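Student: I am new to this structure. Could you take me through how its parts meet?

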Number of protein chains: 2
Amino acid sequence: MTAEDDTARYREKMQHRKAVQDREVAEKTIEKGLLAVHTGPGKGKSTAAFGLALRMLGYERKVVVVQFIKGAWDTGERRALMRFGDLAQFHALGEGFTWETQDRERDIAACARAWEQALIALAQEEVALVVLDELNIALRYGYLDEATVMAGLNNRPPQQHVVITGRNAPAWLTEAADLVTEMTLVKHHFKNGVKAQQGVEF
Amino acid sequence: MTAEDDTARYREKMQHRKAVQDREVAEKTIEKGLLAVHTGPGKGKSTAAFGLALRMLGYERKVVVVQFIKGAWDTGERRALMRFGDLAQFHALGEGFTWETQDRERDIAACARAWEQALIALAQEEVALVVLDELNIALRYGYLDEATVMAGLNNRPPQQHVVITGRNAPAWLTEAADLVTEMTLVKHHFKNGVKAQQGVEF
């Protein structure tokens, strides 16, 4: 077989691939606000939500982040979003991981405050993306209930995108979602004694 | 059982959890530049890499992004990173998806140019994070070879983090990596006729 054969085969394969791709793109015509869920035990759930925030901010569209577990501590994502001025709002209303507070009532109250901020964002058409970071944790511990959260999500502007992160997304939420990605842990550096590092974990 | 019992049980459970957590944190002492791989068929591989870029930029540490497949077209991530001035460098050196060019030699040449930029970044200690976006695709099609890429990664500054994205990461790369996350597709809106939307897919 000659190099020309190879090149021709490559082109033929890629032409077929392009035809399939073009047809698939043409079939997709709906624009709508997506409900996305990032769940699973792997790293990247919140990080990918911040990546979406970055992309949306690139188009100068408004983003609101509500963190249900992380508190007002200093993080790279918070600092970076401040660069975007009024385009990005950041509400870190948690009081730390549940094992830090050790007080269920206090955790519930913190989640209720975070949900209030979420509802404000979910009512504003000019907000293109709402990130509800670690909401799945709040749901799993029963700090917020299904009916409250579903009503808030259902009543949002039809073009508004929402990303909900955290392990153990409840079935009713993945059922309602347009996009569900599970971050699967294949290998993690914590296992090898590597600590949480600036810019990677926080 | 009374509400006090409930509260006490909650506290006990969380105290145990905190002790485990604290011990785990104390055991992790190593700081090192991580080699992270985001692979799998799900959405979020590049997006999570951009989330890491955002976090790192929040600390005013330098980030270099090299895109191996995407070309010089306008994306939200490119626009957003421009906000960070000299802190962020963006090289989109691909010429589109392989099925767009239909020319293997041209694809190989584009990947070689992208790898040159990657090598420059991989030689600079002041670059905290290098994102090699869709490098896995270039490796899978054989546009770059294992030995070249491994040498570049191995010779980088010891504290520099690298994230490599794309489906079908080769085994030798996941073997060498510190962190491997597989983005698993649970449910995708494209299946329901929803098109690629600004701020979500690009």
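Tutor: First, the ground rules. This is a predicted model, where local features need pLDDT of at least 70, side-chain atom pairs count only at pLDDT 80 or more, and totals for chains, interfaces and linings use all residues. Residues are numbered from 1 along each chain as its sequence is written, chains are lettered from A and ligands numbered from 1 in the order in which they are written, and side-chain values use heavy atoms, with hydrogens and water left out.

Student: How many residues does chain A bring to the contact with chain B?

Tutor: Contact means heavy atoms within 4.5 Å. Chain B brings 78 residues. The number from chain A is 78.

Student: What area is buried between chain A and chain B?

Tutor: The size of an interface is often given as the accessible area lost when the parts come together. Here the loss is taken with a 1.4 Å probe and summed over both parts. Carbon and sulfur atoms give 58% of it, and the area is about 7400 Å².

Student: How many salt bridges does the rule find across the interface of chain A and chain B?

Tutor: Side chains of opposite charge can pair when their charged atoms come close. The rule asks for a side-chain nitrogen of Lys or Arg within 4 Å of a carboxyl oxygen of Asp or Glu. Over all chains, the structure holds eight. Across this interface the count is four.

Student: Which residue of chain B forms a salt bridge with Arg55(A)?

Tutor: Arg55(A) lies in helix H2 of chain A and its partner in helix H3 (residues 76–82) of chain B, so the pair joins two chains. Helices are DSSP runs (H or I, at least four residues), strands likewise (E, at least two), numbered from the N terminus. The closest N and O atoms are 2.9 Å apart, and the partner is Glu77(B).

Student: Is Glu77(A) buried or exposed?

Tutor: Glu77(A) is found in helix H3 (residues 76–82) of chain A. Among the residues Glu77(A) touches are Phe50(A), Phe90(A) and Arg55(B). Buried means under 20% relative accessible area, exposed over 50%, partly exposed in between (1.4 Å probe, protein chains only). Because its relative accessibility is 1%, Glu77(A) counts as buried.

Student: Which residue of chain B meets Lys195(A) in a salt bridge?

Tutor: Lys195(A) is in the segment after E6 of chain A, and the partner is in the loop between H1 and strand E1 (35–39) of chain B. Lys195(A) counts as partly exposed because its relative accessibility is 29%. The side chains meet at 3.5 Å, N to O, and the residue is Glu31(B).

Student: Which residue of E6(B) stands opposite Thr184(A)?

Tutor: Strands pair if DSSP finds at least two bridges between them. Seven bridges join E6(A) to strand E6 (residues 179–187) of chain B, and the two run antiparallel. Opposite Thr184(A) stands Glu182(B).

How values were computed
Buried area is the accessible area (1.4 Å probe) that two parts lose on being put together, summed over both. Lists of a residue's contacts leave out its neighbours within four places in sequence.
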